[in-house]
Amino acid sequence: SFNQLWCNALNLREHGLTHFLMLHDDIVPASGQFDTHWSRVMLDEMEDLRLGVLSVTMPLRGGIPETSAAIDGKPPHRMSMKEWPANRTLTSDAEPNLLINTGLMLVDMRRPWVEEFAFSMEDRIEKVDGQFVPVTLPEDWKMSRWLKKRGIRFATTTRVQATHVGTHGWSNIYGSV
């Protein structure tokens, strides 16, 4: 369904669409923070930093003290909310191995590269210590690598407060995890 939404956004550009905002159904942005709507905070941050993509750093569901953002490596290092100061944005310039997520993400659709991109995942099975294990490269980390390879600036931020909901809510508000 991500690619169907992406195609809809691509087709609406001729009618004036300039940005694509993805909001997963298990992410709830806080309203009224900074006396500005959260979407305006994202748009202003994107424009100020001249980004192609801006993601909001979110904690994983299940009370795991890790986030959707990571530093690429073998294996990637998922950052915890405690590693994130409040109101901070980390760009791909400052951290070249940054991996972001799609849960709450804004894309500038005025950029030519958007016509070349498509969401995809990569699944495989590997043998580790004599045992077969499933390995998945999620669409968001694959997108991050795609953006990096093409020199497209992207970032993740905690300037927008949001909660990742499930049976409980896991907040990205500084100091909550």
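Student: Which residues are exposed on the other side of H1?
Tutor: This is a predicted model, where local features need pLDDT of at least 70, side-chain atom pairs count only at pLDDT 80 or more, and totals for chains, interfaces and linings use all residues. Residues are numbered from 1 along each chain as its sequence is written, and side-chain values use heavy atoms, with hydrogens and water left out. Exposed means over 50% relative accessible area, buried under 20%, and partly exposed in between (1.4 Å probe, protein chains only). On the other side of H1, the exposed ones are Gln4 and Asn11.

Student: And why do the buried residues of H1 line one face of the helix?
Tutor: Helices are DSSP runs of H or I, at least four residues, and strands are runs of E, at least two, numbered from the N terminus. In H1 (residues 2-12), the buried ones are Trp6, Ala9 and Leu10. They line one face because, seen down the axis of H1, they fall within an arc (taken from the directions from the helix axis to the C-beta atoms) of 100°.

Student: Which strands are included in what covers them?
Tutor: Think of contact, meaning heavy atoms within 4.5 Å. The cover over the buried residues of H1 includes E1 and E8.

Student: What is the strand order in the open sheet?
Tutor: Two strands pair if DSSP finds at least two bridges between them. Here the pairing is mixed, and the five strands run in the order E1-E8-E3-E11-E6.

Student: Which are the edge strands?
Tutor: Look for strands that pair on one side only. Those are E1 (19-23) and E6 (89-91).
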